[in-house]
Amino acid sequence: MDLKFQREAMLDQLKERGVDDLRVLAAMRTVPREAFVLENFRDDAYRDSALPLTHKQTISQPYIVALMAQALELKPTDHVLEIGTGSGYAAAVLAQLSREVYTVERVGDLAISAAEVIRKLGIQNVHIRFGDGTKGWPDEAPYDAISVAAGGTSVPNALFDQLAIGGRLVIPLGPVPESQKLLRIRKLAKDRYVEDDLGNVRFVPLLPDTD
Ligand code: SAH
């Protein structure tokens, strides 16, 4: 089936599931997900499911990418930090909605291939770094929004510190992957925040050390 047609079907599904931010829907229409999946999964690119990448990692499900983007309440002037570049797909979506996206990936091969896809698509406001994302990217802080695309048990201190006052951070948290919740944390002051529960999710683990 024609990929454009499938992309429109994906948008209908996102709307049905409650994604109603028009800028987010436009970003999901703009970014070709097929460019970010492994070659033999191209035909599945617009199914609303996560798909495998190399190194036992996954490209997030479109609905989750859209939900996170919507929850981050991005403005065109925002500086965004993403932890867990993976394929680079979510970074490309966030880049449509903000000024600059800084994204950190702990698997070197994934960082390299994501950078290659982003470059080929001509996206110029995504900056990819290989390293441990739990430390954030201090040189470019503070961030108006931080998207953490791997699950942990608590928000790494460095990430909360690098979030601007008024900034939003979205992260899957839970004691085990089976009981993760996607949370939005809004920073009200240096040590004060409010939390919203965006629902149950399952992400690959946020691992502190590179191997
Ligand atoms: N946003 C991605 C999906 C990410 S999957 C996409 O759209 O394709 C989660 C990613 O987080 C994996 O690639 C994994 O290697 C990475 N990751 C896990 N722990 C990390 C850490 N401490 N720092 C940076 N990246 C990490």
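What you're looking at is a predicted model, where local features need pLDDT of at least 70, side-chain atom pairs count only at pLDDT 80 or more, and totals for chains, interfaces and linings use all residues. Residues are numbered from 1 along each chain as its sequence is written, and side-chain values use heavy atoms, with hydrogens and water left out.

**Aromatic pairs**

- A search of the whole structure turns up four aromatic pairs; rings of Phe, Tyr and Trp (its six-membered ring) pair if their centres lie within 6.5 Å, and planes under 30 degrees apart count as stacked, over 60 as edge-to-face and the rest as tilted.
- One of them is Tyr 102 with Trp 137, an edge-to-face pair at 5.2 Å centre to centre with 75 degrees between the planes.
- Tyr 102 sits in strand 4 (residues 100-105) and Trp 137 in the loop between strand 5 (126-130) and strand 6 (143-148), so this pair ties together parts that are 35 residues apart in sequence.
- Helices (H or I, at least four residues) and strands (E, at least two) are DSSP runs, numbered from the N terminus.
- Tyr 102 and Trp 137 are both buried, and ring pairs link these two and Tyr 143 into a cluster.
- Phe 160 and Tyr 193 also go edge-to-face, with 5.7 Å between centres and 70 degrees between the planes.
- That pair links distant parts of the chain, with Phe 160 in helix 6 (residues 157-161) and Tyr 193 in strand 9 (residues 192-201), 33 residues apart.
- Phe 160 counts as buried, at 13% relative accessibility.

**Charges over rings**

- Lys 187 lies over the face of Phe 160, at 4.7 Å from the ring centre; the test is NZ of Lys or CZ of Arg within 6 Å of the ring centre and within 35 degrees of the ring normal.
- Arg 33 lies over the face of Tyr 89, with 5.6 Å to the ring centre.

**The ligand site**

- There are 27 residues around the ligand, and Ser 87, Ala 90, Glu 105, Gly 133 and Leu 207 come nearest; a residue is near if one of its heavy atoms lies within 4 Å.
- Glu 105 puts a polar side-chain atom 2.6 Å from an oxygen atom of the ligand.
- On the backbone side, a polar atom of Gly 133 is 2.7 Å from a ligand nitrogen, and a polar backbone atom of Gly 84 is 3.1 Å from a nitrogen atom of the ligand.
- The protein covers 99% of the 580 Å² of accessible area that the ligand has on its own, with areas from the Shrake-Rupley method and a 1.4 Å probe.

**Strand 7 and its neighbours**

- Strand 7 (residues 163-173) has nine of its 11 residues buried, so it is largely enclosed by the rest of the structure.
- Strands 6 and 7 run parallel, joined by four bridges; two strands pair if DSSP finds at least two bridges between them.
- Across from Val 170 in strand 7 stands Ser 147.
- Strand 7 runs antiparallel to strand 8 (residues 180-189), with six bridges joining them, and a hairpin connects the two through six residues.
- Ile 171 has Leu 183 in strand 8 as its bridge partner.

Methods: Buried means under 20% relative accessible area, exposed over 50%, partly exposed in between (1.4 Å probe, protein chains only). A polar contact is a pair of N or O atoms within 3.5 Å; within protein, one must be able to donate a hydrogen and the other to accept it, and residues adjacent in sequence count only if both atoms are side-chain atoms.
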